[in-house]
Structure formats: C-alpha cells, structure tokens
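Please read each point with the coordinates open.

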Amino acid sequence: MSDVEADGALTRAVVAAMIDHTLLKPEATTADVAALVAEAQELGVLAVCVSPSMLPIKAEGLLVAAVAGFPSGKHHSLVKAAEARLAVELGAVEIDMVIDVGAAVAGDFGAVLTDVLTVREAVEPSTVLKVIIESAALTDQAIVESCRAAVRAGANFVKTSTGFHPAGGASVHAVRLMAETVGKHAGVKASGGIRTAEAARELIEAGATRLGLSASRAVLDGFPV
C-alpha cells in the first residue's frame with residue numbers, strides 16, 4: 001500500500017517521516033531520553049530532539065537534533081554558537097536554535113540575522129539549522145521579517161515555537177504565514193501544543209513540513225495505516 005492513500009489523505013507513515021520526537025523538559029533524565037529513543041524507533045519517526053546536555057545518545061535509525069539558546073533565546077550569539085558546535089561534535093546533525101525574540105519584537109531584524117548567522121557559521125554546512133521565532137509572541141510583520149532574516153542567514157527551517165512561551169505554541173495562521181514567506185527556500189517546523197491528529201493535519205495542510213511533538217504516539221494513532 002502506498003504511504004499516501006488514493007484520495008491523497010495523510011497516512012501514519014507519511015506523518016511519522018515528518019516528526020521530531022521531542023523531550024526538552026528540565027527534569028528529563030538519561031533514562032527518559034533512552035525511553036524517548038526507544039519509542040521513536042518503535043513509531044518509525046524521523047528524528048529525536050533533546051537538550052544538548054543529554055548528548056551523546058545512541059539513536060540508531062534516527063536523526064539526532066539538539067537545541068541551542070533554549071528556551072528563552074536570550075543567550076549571547078557566541079554562546080548559542082558554541083552550544084551548537086559542541087552538540088554537533090557530540091553527534092547532533094540538526095540544531096534548533098532560538099532567536100532573540102526581543103530583537104524581533106523591537107523590529108531589529110538585523111540583530112536576528114546576525115544571531116542566526118553566528119550559529120550557522122559555527123556548524124558544518126551539512127548541519128540542518130532550524131530557527132525558532134516564537135511566533136505566538138510576534139506580530140504578523142515580525143513573523144515575516146524574522147523568517148526572511150533566518151533564510152538570509154542560511155536556515156534550513158523556520159520553526160514556530162519552543163513550546164515553553166506563555167503566549168502559546170503553533171497556530172495554523174502562523175504556519176501558513178511562515179510557509180508563504182519562505183516558499184521553497186526553507187521548510188517550516190510546527191511545534192508547541194500539538195497533541196492530536198486533527199491539529200497536526202491542519203498544520204501540515206497550512207504548510208508545515210516538519211512537526212515537533214512530544215505526544216507523537218497519540219498524534220500518529222489518529223492517522224490511517
């Protein structure tokens with residue numbers, strides 16, 4: 001059976017191939033991360049995303065992503081760069097960095113570009129860089145300009161949220177706006193508060209090409225095999 005049904009509906013396998021199975025809770029233990037990896041392998045997802053302090057990890061068959069400047073983004077750019085570089089040295093092949101959200105709120109998109117570029121230049125060109133803009137805390141204009149800055153700086157993905165900001169997580173509106181802004185130049189990762197198949201489907205239809213989930217099993221169980 002094809003991954004995509006005849007009517008074009010999303011299937012479990014298609015969605016699984018878009019998922020970063022994520023564990024970023026401050027209280028996470030090495031045992032928790034091992035359980036995350038085992039569940040990710042069982043579910044057949046694309047990647048796991050963990051805090052850099054949990055690296056290195058054994059994750060056969062999975063991409064390993066780590067965060068930088070997480071969750072506030074209020075780290076010096078050089079600190080984010082060093083954190084990203086060390087994570088790559090310890091086995092991460094993808095980095096999810098948080099911008100200085102305050103710079104975006106203030107309209108200083110040159111600072112956003114410099115922040116992203118500093119991290120981009122600190123890791124190998126093959127390293128996938130995802131840039132978290134905390135879309136729920138930004139105006140539409142700031143979302144657009146932050147995405148443009150990220151792409152100019154060499155980001156491979158723009159990402160909605162950390163999942164830790166009180167303003168909220170991913171929204172259909174933000175994902176659609178981000179996808180329209182970056183076009184074919186970057187992917188869009190929807191993350192933050194996605195707990196059902198219905199929510200995931202709406203975000204994918206809006207333009208998300210990657211999903212950051214902690215409730216991956218519950219989401220996947222809502223899609224046909």
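In which loop is the place of E134?

1. E134 lies in the loop between β5 and α6, where helices (H or I, at least four residues) and strands (E, at least two) are DSSP runs numbered from the N terminus. Its phi is near 55°, a positive value in a residue other than glycine, and E134 is buried, with a relative accessible area of 2%. Buried here means under 20% relative accessible area, exposed over 50% and partly exposed in between, with a 1.4 Å probe and protein chains only.

2. On provenance, this is a predicted model, in which local features need pLDDT of at least 70 and side-chain atom pairs count only at pLDDT 80 or more, while totals for chains, interfaces and linings use all residues. Residues are numbered from 1 along each chain as its sequence is written, and side-chain values use heavy atoms, with hydrogens and water left out.

3. Helix α6, residues 140–152, has 13 residues and reaches 18 Å from its first C-alpha to its last, close to the 18 Å expected at 1.5 Å a residue; the expected span is 1.5 Å times one less than the number of residues. Its buried residues are A142, I143, V144, S146, C147, A149 and A150, and they pack against α4 (101–105), α5 (109–120), β5 (128–132), β6 (157–159) and α7 (172–182), a contact being heavy atoms within 4.5 Å. Just after α6, G154 takes a positive phi of about 100°.

4. Not counting residues up to four places away in sequence, V131 touches M97, I99, V116, A150, A155, F157, V158 and K159.

5. Strand β7 (residues 187–191) is largely enclosed by the rest of the structure, because five of its five residues are buried. G187, K189 and S191 lie on one side and V188 and A190 on the other. β6 and β7 run parallel and are joined by three bridges, two strands being paired if DSSP finds at least two bridges between them. K159 stands opposite K189 in β7. The chain crosses from β6 through α7 to β7, and this β-α-β crossover is right-handed, in the sense that, with the strands pointing away from the viewer, the path from the first strand over the helix to the second runs clockwise.

6. Strand β8 (residues 210–213) is joined to β7 by three bridges, and the two run parallel; S191 has G212 as its bridge partner, and A190 stands opposite L211. With helix α8 (residues 197–206) between them, β7 and β8 make a right-handed β-α-β unit. Strand β1 (residues 19–23) also pairs with β8 in the parallel sense, over three bridges, and there H21 has L213 as its bridge partner. R210 and G212 point one way from β8, L211 and L213 the other way, and all are buried.

7. Two cis peptide bonds deserve a look. One joins L55 and P56, with omega about -5°, and P56 is found in the loop between β2 (47–50) and β3 (63–68). Another runs from F70 to P71, with omega near -5°, and P71 has its place in the loop between β3 and α3 (77–89).
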